[in-house]
Amino acid sequence: MEKRGLNKVDLIFEKVDPKEVLTKAFTMKSDEIIQQILDSGLKGRGGAGFPTGLKWKYTAAVKEPEKYVVCNADEGEPGTFKDREMLDKVAYKVYGGMVIAGKAIGAKKGIVYLRGEYRYLIPQLLMELESFHKLIKAIGFDFKINYCLGSGAYICGEESALFESVEGGRGEPRNKPPYPTTSGVFNKPTSINNVETLVTAMMIIKHGPESYSQLGTKDSRGSKVFSISGDTPTPGIFELELGMSVHEFVNEFGDGDTKAVQVGGASGFCVPRKKFQSTVIGFEGVPTGGSMKLFNSSRSMYNVLHNYLDFFAEESCGQCTPCRVGCQQLLKGVEKVKKGEVKSTYLNELLKLADTMKVASKCGLGQSVGNAFRTIVENFREEIIY
Amino acid sequence: MINLNINNQRISVQPGTTVLEAARKLNINIPTLCNHPDLCVAGNCRVCVVEQTGARTLIAACAMPAAEGMDIHTNTLKVRNARKHIVELLLSEHRSDCTKCYKNQKCELQALANEFAFGDTIFLDLVEDHAYTIDRSSPSFTKDDSKCIHCQRCVRTCHELQHISAIAVANKGLHQKISSFHDRPMSHVVCTNCGQCVNRCPTGALVEKTYIDHVWDAIYDKDKHVVVQTAPAVRVALGEDLGYDPGERVTGKMVTALKQLGFDSILDTDFTADLTIMEEGTELLTRLKKALVDKDKNAAFPMFTSCSPGWIKFIEHKYPEFLHNLSTCKSPQQMFGALAKTFYAQKMKIDPSKIVSVSIMPCTAKKYEADRPEMRASGYKDIDYVLTTRELAVMIKQAGIDFRNLESSHYDSIMGDSTGAAVIFGATGGVMEAALRTAYEIVTGREVPFTNLNITPVRGMEGVKEATVKIEGCTDDWKFLEGAELKVAIAHGLVNANKIMKQVREGKSPYHFVEIMACPGGCIGGGGQPIPTSMDIRKKRMKAIYAEDEHMALRKSHENPDVIAIYKEFLGKPNSHVSHELLHTHYVERENY
């Protein structure tokens, strides 16, 4: 397996002249932009990792005068706080990425769906947006960005639930197909991208896809911003090249007593110490939207798991059976196992349930509840039972 | 065409066909729960998951469009395990008091449990963890959240078919529930009591409020004289709950069964349906005269029918500024109630306080209507108890009646005679057709110019129908209508009523007279009719209604001998003072939430 070691990178927060990059993008043809993004190997930075270039290509291919670029800034995954930093520090690059995406797919409208808890950023974001609108108008773009605020529901980070929310409906995921590329917000072709993806896209246009794809591995090109928290002496936001092992990561950020790392937040995977060496952080190993939470030996993995399940039981939209009821069953199940009210082998039934949730839930939320559940129960079974 | 394989059988389907529909064409049964033929696809129960070769997850057959080259398997280990889990999960949050439940053996969850979840329970009971509400506030139905499986059929029904959204999804995760505005009781929200949600609820979470025991008590009470009336749409649907296929007419057997149940007098709502035509037709003609001859600007057009209590509550909540457009006529049920304890009591020499008036209705809103404070014209509660078609079937079963082998019999006299014009009240467009048959003849002295009296433009399942009748050759009294074009419209299902009302509010409505029924298809699709319902079933019931009409000797309301007699002996003439006291009513403005 290709490995890269731990390298700090400064791309996302690098100061650039937006006028220069966007003027360059303005002179490029739509398919040139898409080709550069395809060549860069960029995959969506929200966690699911769909190739960004493909998403743009599919959306561009739909013949429809009205299309949308939606920036998913509903950063809700427990333990991730990188998008907030980008909006705070380099909002112009987020907007820049949206304009470039708009040019690529043929959209004139952009929507930033901002996590409700980040509303305090709105005054400065709107101020920057005003000057940004002037800048792109001067360059010649016909593109307008609007803000839409979430109200605190985790599920609204799921793309189709986000569209429902934008449209004024209840934040419930839709059936797919149709996919957003053909029918997204207001049932128009939509490219929905994470904040970081859009910033990265702008930097790819600036530096070129060749230089970007030098970074990372075959399956995980480039660099990524990580939100590091938990038992670490250096919590915070770090941009790192993809392809390092968890071991290398823990050597840099751990406190010397790390027993597990939760990669990708509540919907991600728990990597125990014995697998640090063999696990790569990236799409070939454990993918992450950025959340990295370290746990040392003082932590009870039962509490960690209980906390995640409690979160999911609350944050499931409640629409589909496997997710709504499954989350409650997993939560109640581990509680009963811990109290000794059911046999410890009941965990095996719960693991099967987690499998059902993975294959039968309607959206990514229910499908990923089993990730943390399985990896914690399998690796720390004794902590759950005793 | 799209080619795909399901369980190794090849099939070609039209684009847009779902995997579920494709499988059904191959007679492969995929279980469903949230899916309903009248509603949009939800894809939320996940019972219909199947395996698609190469797909990362299972797919919901109801929501997945068939695609070229798909390879679908509906009965793999993975599918069976998932399905069993899903049914077990639903059972774990459902209060399973099946043997005591009104929907026992008619519950779709129970049927699935029987197939997939027999034996040991896998999961923990979640019912005990929730504080559920059982809302008994509506006189029409009970909403028991402890039996709700969150399929959202009711929510989609209320929104898509009825344009009301009295119930909607509230909260998320484990707190998610089907609720009303600010969790108010159903009696205090915009709910019209139409019962369409009851018709589509797969479990016992939404059921009509039953008054079966009250009726039995009245029957057993020797002091009471219990009269029963049956609505037009009951006779073409009752059979479905007693082992017949949809569309069978069981009028004569139903009358015999009611006699065997012990009712003292078996009468017919059709009688007051004919009476309604006399009253409402006269009201329309009077309004037209006011507008055309007296130039009275207060004559409100279009005039709306007022037979459907769900529709009445809808307009009271949503368009109260147009209440004066409603006909002041009570519904046939309530006309009957008012006359049973006055005219009938006098004729039969029975103390009206000893009369218990029961009606068998295809409707849940009728239960609410009977409780309205306006409905006490006789000095008593005009209608004491309203039973749905379904409740009557339950009573027939309780009494051990062998329905299939019953002889037919006739309604009792006095208020039991009716015409074909009354029977068709049960289908959308029927009131309009009956009214036109009579009004046209009053005005011109001739029959309506349609073959065999069948006014086909007002028939059928289209949501909004319209017709224009040119009035020519008027008799002397009605010369002012000579050459006039009477524009009429018919809407059924409140989503269609809303279309008409929007037009009216915008001042663009061209109509003089509009018939509106709250339920899809009219009363044949009423909230009290046998479950299940679908367009196909409703069409069969509709066909039966028109067959019933064709078989009647008399087919025009004004020819009903009982109607002629009651005007002669008791009411005087249509819209007389007595009529107004007993047969007409008024409406109230209600809040829109």
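1. A nonpolar core, as the term is used here, is a set of buried Ala, Val, Leu, Ile, Met, Phe, Trp, Tyr and Cys residues joined through C-beta atoms within 7 Å. The model is a predicted one, and its largest nonpolar core has 289 residues, of which those with the most contacts inside the core are A:Val94, A:Leu305, B:Val19, B:Val50 and B:Ala61. The largest share of this core, 13 residues, is contributed by helix H4 (residues 82–105) of chain A. As general background, nonpolar side chains tend to be buried together in soluble globular proteins.

2. If neighbours within four places in sequence are left aside, B:Ala61 is in contact with B:Thr18, B:Val19, B:Leu20, B:Ala23, B:Ile30, B:Cys48 and B:Val50; B:Val19 and B:Val50 are themselves listed among the residues with the most contacts inside the core.

3. Chain A, taken as a whole, contains 14 helices and nine strands. Its radius of gyration is 21 Å, close to the 21 Å that the globule rule gives for 386 residues, so chain A is as compact as a globular protein of that length. The C-alpha trace of chain A spans about 70 × 45 × 35 Å along its principal axes, and buried residues make up 60% of the 386 residues. Of the contacts in chain A with a separation of 6 or more, 74% are between residues 24 or more positions apart.

4. The domain assignment divides chain A into domain 1 (18–213), domain 2 (223–296) and domain 3 (301–385). Between domain 1 and domain 3 of chain A, the C-alpha centres lie 33 Å apart, and the contact takes nine residues from domain 1 and eight residues from domain 3.

5. In chain A, five strands form an open sheet with mixed pairing, in the order S6-S5-S9-S7-S8. Which strands stand at the edges? They are S6 (236–241) and S8 (269–272) of chain A, each of which has a single partner strand, so one side of each is left without a neighbour in the sheet. From one strand to the next, the twist averages 30 degrees.

6. The pairings within this sheet can be read strand by strand. Strand S5 (residues 223–230) of chain A runs antiparallel to S6(A), to which six bridges join it, and A:Val225 has A:Glu239 in S6(A) as its bridge partner. S5(A) also pairs with S9(A), here in the parallel sense and over four bridges, with A:Met292 in S9(A) as the bridge partner of A:Ile228. S7(A) and S9(A) run antiparallel and are joined by five bridges; A:Ala260 stands opposite A:Phe295 in S9(A).

7. Five of the six residues of S9(A) are buried, so this strand is largely enclosed by the rest of the structure. Helix H9 (residues 246–253) of chain A lies across S5, S7 (258–263), S8 and S9 (291–296) of chain A, and runs at about 115 degrees to S7(A).

8. For chain B, the domain assignment gives domain 1 (2–75), domain 2 (123–207), domain 3 (212–271 + 333–405) and domain 4 (278–329 + 423–530 + 547–583). The C-alpha centres of domain 1 and domain 2 of chain B lie 28 Å apart, and each of these two domains gives nine residues to the contact.

9. Are the residues of strand S11 (residues 225–230) of chain B buried or exposed? Six of the six are buried, so S11(B) is largely enclosed by the rest of the structure. Both faces of the strand are covered, with B:His225, B:Val227 and B:Gln229 buried on one side and B:Val226, B:Val228 and B:Thr230 buried on the other. S11(B) runs parallel to strand S14 (residues 355–361) of chain B, joined by six bridges, and B:Gln229 has B:Ser359 in S14(B) as its bridge partner. S11(B) also pairs in the parallel sense with strand S12 (residues 265–268) of chain B over four bridges, where B:Val227 stands opposite B:Ser265.

10. Not counting residues up to four places away in sequence, B:Gly337 touches B:Ser357, B:Met375, B:Asp382 and B:Ile383.

Terms used:
Residues numbered from 1 in each chain as written. Chains lettered and ligands numbered in written order. Predicted model: local features only at pLDDT ≥ 70, side-chain atom pairs only at ≥ 80, totals over all residues. Pairing = 2+ DSSP bridges. Helix = DSSP H or I, 4+ residues; strand = E, 2+ residues; numbered from the N terminus. Axes fitted to C-alpha atoms, helices over the stretch in contact; angles between N-to-C directions. Contact = placed C-beta atoms within 7 Å. Buried ≥ 20, exposed ≤ 12 C-beta atoms within 10 Å, placed from the backbone. Rg over C-alpha atoms; globule rule 2.2 N^0.38 Å. Domains from an automatic or database assignment.
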